[in-house]
Amino acid sequence: MAKDDRRADRTDRRVQYTKRALREALVHLMRENHISKISVKALCDAADVNRSTFYAHYQNQYDLLRQIEAEALEDLTAYLLEEAPRTYNVTKILEYAQANADLFIVLLDESDGAFQRQIMELAHVVDLRPTDEPEACLDDRLEYMYLFAVTGALGVLTQWLKKGTPQSPAVMSEMLMRMIQSGIEEA
């Protein structure tokens with residue numbers, strides 16, 4: 001391996017370590033405070049990173065949060081689509097959320113709702129209808145039912161994560177699907 005390649009590899013690992021430390025520090029700090037109450041200085045102190053290093057990678061704490069959200073959604077999308085593209089599997093989402101509980105609790109609790117909206121958009125990309133139904137535009141009633149189902153599911157997901165995931169993802173998936181189905185049948 002050439003000297004420049006070794007230096008670049010070492011640099012990439014340092015950058016990865018720094019970004020991971022900053023992500024973990026932000027998630028930790030957001031357990032106690034809203035993002036608006038977290039300064040870059042506090043974030044750098046928690047991550048043991050210089051402010052100049054922080055600014056080499058991010059504009060501010062909101063930029064870091066947006067990148068964390070984007071990475072989480074990208075990872076979740078890849079996880080959902082790796083086995084059966086274009087199918088919706090509640091259990092898989094719950095498994096992923098359980099494995100990343102600290103991150104999801106923080107991102108789902110974020111008061112401006114950006115992550116929740118992005119999860120809802122992801123649910124639109126990942127088709128909720130059975131695969132044997134023909135493609136059709138959703139009418140208003142169906143769209144409202146869809147919104148009800150996804151919003152309710154996000155609320156249940158948040159509470160389940162905060163309680164430490166006492167039920168298995170499979171049990172929660174079945175419970176969620178029964179609640180959603182009951183709500184839609186009544187509408």
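Analyst: **One contact, close up**

Leu-94, Ala-97 and Gln-98 in H5 meet Leu-157, Trp-160 and Leu-161 in H8. Contact here is heavy atoms within 4.5 Å, and a helix is a DSSP run of H or I with at least four residues, numbered from the N terminus (strands are runs of E, at least two). Sorted by class, the H5–H8 contact has five nonpolar residues, one polar and no charged ones. In this scheme Ala, Val, Leu, Ile, Met, Phe, Trp, Tyr, Cys and Pro are nonpolar, Asp, Glu, Lys and Arg are charged, and the others, Gly among them, are polar.

Before going on, some ground rules. This is a predicted model, where local features need pLDDT of at least 70 and side-chain atom pairs count only at pLDDT 80 or more, while totals for chains, interfaces and linings use all residues. Residues are numbered from 1 along each chain as its sequence is written, and side-chain values use heavy atoms, leaving out hydrogens and water.

Now the geometry. H5 covers residues 90-99 and H8 covers residues 140-162; their axes come within 11 Å and cross at roughly 40°. Axes are lines fitted to C-alpha atoms, for helices over the stretch in contact, with angles from 0 to 180 degrees between N-to-C directions. H5 and H8 are therefore oblique to each other, oblique being what remains after under 35 degrees (roughly parallel), over 145 (roughly antiparallel) and 65 to 115 (roughly perpendicular).

How much of H5 is tucked away? Seven of its 10 residues are buried, so the helix is mostly covered. Buried means under 20% relative accessible area, exposed over 50%, partly exposed in between (1.4 Å probe, protein chains only). Those residues are Val-90, Thr-91, Lys-92, Ile-93, Leu-94, Tyr-96 and Ala-97. Leu-94 and Ala-97 are on that list and also belong to the contact with H8.

For another pairing, look at H4 (residues 61-81) and H6 (residues 101-109), with axes 11 Å apart and an angle of about 120°. The crossing of H4 and H6 is left-handed. Here Leu-65, Ile-68, Glu-69, Ala-72 and Leu-76 in H4 meet Leu-103, Phe-104 and Leu-107 in H6. That contact splits into seven nonpolar residues, no polar and one charged.

H4 also holds Gln-61, which is buried at 11% relative accessibility. Setting aside neighbours within four places in sequence, Gln-61 is in contact with Leu-26, Ile-35, Ile-38, Val-40, Leu-43 and Phe-54. Over in H1 (residues 3-30) sits Thr-18, buried with a relative accessible area of 12%. Thr-18 touches Val-49, Thr-53 and His-57, not counting residues up to four places away.

Zooming out, the protein chain has nine helices and zero strands, and 35% of its 187 residues are buried. Among contacts between residues at least 6 apart in sequence, 60% join residues at least 24 apart. The chain exposes about 11,600 Å², with carbon and sulfur atoms supplying 51% of it.

Notes. Areas by Shrake-Rupley, 256 points an atom, 1.4 Å probe, with all protein chains shown as cover. Left-handed = near helix turned anticlockwise from the far one by under 90°.
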